[in-house]
Amino acid sequence: MKNHYSTLDDVVLTFSDIEENNGFDEISVRFERVDHAGGFDLAEGKLPNNIFYKSFGFSEDDLMELGRYLKNNEALIWEIARENGGTALA
């Protein structure tokens, strides 16, 4: 992902520029953390839906917490994406 947003408790949140998809603006988001085996746990989703469409290594409770974090920071992520890149076609 193009934009780094935060690192909290070893979980990194990155996001894309605004992408246009079928006439609607969306932002791809990705949470990552290093797992104990040396690989990565990840959760990928889209704003404004706040739904993860791909995840590996995060528990259901983790995903709920990440979803709340994403919702609480959504407005700022949109603002940064607008400032950094505008809209690209998905």
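**Salt bridges and a charged patch**

In this predicted model, Lys2 and Asp17 bring their side chains together in a salt bridge, with 3.0 Å from N to O. The two partners sit in distant parts of the chain, 15 residues apart: Lys2 lies in the segment before E1, and Asp17 in the loop between E2 and strand E3 (18-21). Lys2 is exposed, at 56% relative accessible area, whereas Asp17 comes out at 16% and counts as buried, because the cut-off for buried is under 20%. As a rule, side chains of opposite charge can pair when their charged atoms come close.

The structure has eight salt bridges. Another one links Arg30 to Glu44, where the closest N and O atoms are 3.2 Å apart. Here strand E4 (residues 24-34) supplies Arg30 and strand E5 supplies Glu44, 14 residues apart. Arg30 is partly exposed at 22%, while Glu44 is buried at 9%. Arg33 and Asp41 also form a salt bridge, at 2.8 Å from N to O. Shared partners tie Arg30, Glu32, Glu44 and Lys54 into one network of salt bridges.

Strand E5 (residues 40-47) also runs antiparallel to strand E6 (residues 51-56), and five bridges join the two. Lys46 stands opposite Ile51 in E6. The two strands make a hairpin with three residues between them, and Asn50 in the turn has a positive phi of about 55°.

On the surface, Asp9, Asp10, Glu60, Asp61 and Glu65 gather in a patch of negative charge. One of them, Asp9, lies in the loop between strands E1 and E2 and is exposed, at 67%.

Definitions and conventions
Residues are numbered from 1 along each chain as its sequence is written. This is a predicted model: local features need pLDDT of at least 70, side-chain atom pairs count only at pLDDT 80 or more; totals for chains, interfaces and linings use all residues. Side-chain values use heavy atoms; hydrogens and water are left out. Patches are made of residues with over 30% relative accessible area and no salt bridge: like charges are joined within 9 Å, nonpolar side chains (Val, Leu, Ile, Met, Phe, Trp, Tyr) within 5 Å. Accessible areas come from the Shrake-Rupley method with a 1.4 Å probe; for residues, only the protein chains shown count as cover. A salt bridge is a side-chain nitrogen of Lys or Arg within 4 Å of a carboxyl oxygen of Asp or Glu. Lys and Arg count as positive and Asp and Glu as negative; His and the chain ends are not counted. The place of a charge is taken as NZ of Lys, CZ of Arg, CG of Asp or CD of Glu. Helices (H or I, at least four residues) and strands (E, at least two) are DSSP runs, numbered from the N terminus. Buried means under 20% relative accessible area, exposed over 50%, partly exposed in between (1.4 Å probe, protein chains only). Two strands pair if DSSP finds at least two bridges between them.
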